[in-house]
Amino acid sequence: MAPAGDRVFSVFYERLKEARDYHRKHPGLELPSVDQEEEAFLQTTPAVDFSGEEANGRFLDLHIFHRTFTNSQKFGKKDVTYLDFLSTFSDLGLVPRHSKVNREYKAYVEDLVAYLAEFHRKSQPLAGLSDPLAAAEKEFRGKWESGEVVGWEDRGLGTSGDRTQAVVNLEDFETAADLEAVGADKIKEALVALGLKAGGSLAQKADRLMQTKGKSLGELDRKLFAKGGKPARDEQDARRRQELSEAVALSETKIGVLLGLMESTLSDTRRQVEKKATSTYEELVADMAELEEQEGGGRAGDDGGGGADDDEDEDDIVYNPKNLPLGFDGKPIPYWLYKLHGLNQEFKCEICGNFSYWGRRAFEKHFKEARHLHGMRCLGIPNTKEFGEVTKIDEANALWEAIKKKKQESRFVQEEDEEFEDAQGNVYKRKNYLDLQRQGLL
């Protein structure tokens, strides 16, 4: 048996012979140098998990969806700021139904679902997302077949006129003139809900809406419908529209599930955007530096001793006995500034569900926000300037009844307001003129 040392050298020379034979058979073989490998590595694009706006999963970056919404002519609105978009984009019911049944809106909601799902996966890698979405989709399928999906009771066919009953009950009115007492805003909302044209004068709107009384949408003249709101022409068009509506409604359901799982992230995003909008350049740079220090300190926290960490924890504790709002530096604002802006004054709005607003500025601003608009919509009252500063439900209902009564009184009544003129130029009420005519006095 050969010694172990001789065996090592024999194996080495065998491998060396194999390497020489290989290079003899392939003389043109080029091996990459270290410089070539480094150059190839520098040319590759690194995969970045989060964008700068997302701050490693702390905030959402919805700027691309905001641009899509403001630039869309089919379902979007132009003059919507990014902060307002963050407050209202989750309420997809604000988009009219006839504006949803198109491929542009379908792509918008599907891209939003894909972004939210991917963000949830990256920011919370240990949380399972397949089960909630699968359960929501299964529940949606059952409701869709039975016509129980809110806002899609007709499954996208546009053959039911029941959607207008939530806004205006046409059975309570006999003529279009009676319907005018409801007001232009309510009539327009009902027309939009049915996919009908909502332009024109108050009389034209009331007449257009009154034509739907006792009829299905398929029986109406197609000229009455707005673009994109017409019912299906034939069976093939109905099937295509139903498939498109089902895909849109499913994506909206998934968006609701995902935003429910990331509710705290969305609220943090709103606060961050509002904070950046009111910060100076120096404050933004300081915040970025502080964030980088926190991330660096978190990575290097295990290297140091426990005494320094204890001191940092003590410094992070903020003494705030009066519960003052925090400023941009994370510390309570001065008490004189707190009193100057009236942040110690609480304003409650019963229409918003007894929600409290601190400070006069926040209270006045909330009348145009989504929470108050939703409360007024639930009461069936248009949110016009007459209802400014009204926070009680009873007061809003009483004022709305008074406005309707005043409009009813100012409405033209032919028997009472129509006037006649005789040959001498005398003007009489209709009733008086007819009485005198019958008596032969004229």
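View 1. With a relative accessible area of 43%, E389 is partly exposed (buried is under 20%, exposed over 50%, partly exposed in between, using a 1.4 Å probe and protein chains only). This is a predicted model, in which local features need pLDDT of at least 70 and side-chain atom pairs count only at pLDDT 80 or more, while totals for chains, interfaces and linings use all residues. Residues are numbered from 1 along each chain as its sequence is written, and side-chain values use heavy atoms, leaving out hydrogens and water. E389 sits in the loop between α16 (370-379) and α17 (393-410); helices (H or I, at least four residues) and strands (E, at least two) are DSSP runs, numbered from the N terminus. The phi of E389 is positive, near 70°, in a residue other than glycine. Most residues other than glycine have a negative phi.

**View 2. The hairpin of β1 and β2.** Strands β1 (residues 346-349) and β2 (residues 355-358) pair in the antiparallel sense over four bridges; pairing takes at least two DSSP bridges between two strands. Look for F347, whose bridge partner in β2 is Y357. Five residues lie between the strands, and G353 has a positive phi near 80°. N354 is also in the loop between β1 and β2, with a positive phi near 55° although N354 is a residue other than glycine.

**View 3. Helices α3 and α5.** The axes of α3 (residues 63-71) and α5 (residues 103-123) come within 11 Å and cross at roughly 170°. That makes α3 roughly antiparallel to α5 (angles over 145 degrees, on a scale from 0 to 180 between N-to-C directions; the axes are lines fitted to C-alpha atoms over the stretch in contact). From α3, F65, T68 and F69 meet Y108, D111, L112 and Y115 of α5, where contact means heavy atoms within 4.5 Å.

**View 4. The largest nonpolar core.** This core has 38 residues, and L62, F85, Y105, Y108, L116 and I255 have the most contacts inside it. A nonpolar core is a set of buried Ala, Val, Leu, Ile, Met, Phe, Trp, Tyr and Cys residues joined through side-chain atoms within 4.5 Å. The largest share, nine residues, comes from α5. Beyond its neighbours within four places in sequence, L62 is in contact with Y82, F85, L86, F89, L112 and Y115.

**View 5. S251 in helix α10.** S251 is buried, with a relative accessible area of 7%. Leaving aside neighbours within four places in sequence, the contacts of S251 are V109, E110 and V113.

Conventions:
Parallel < 35°, antiparallel > 145°, perpendicular 65-115°, else oblique.
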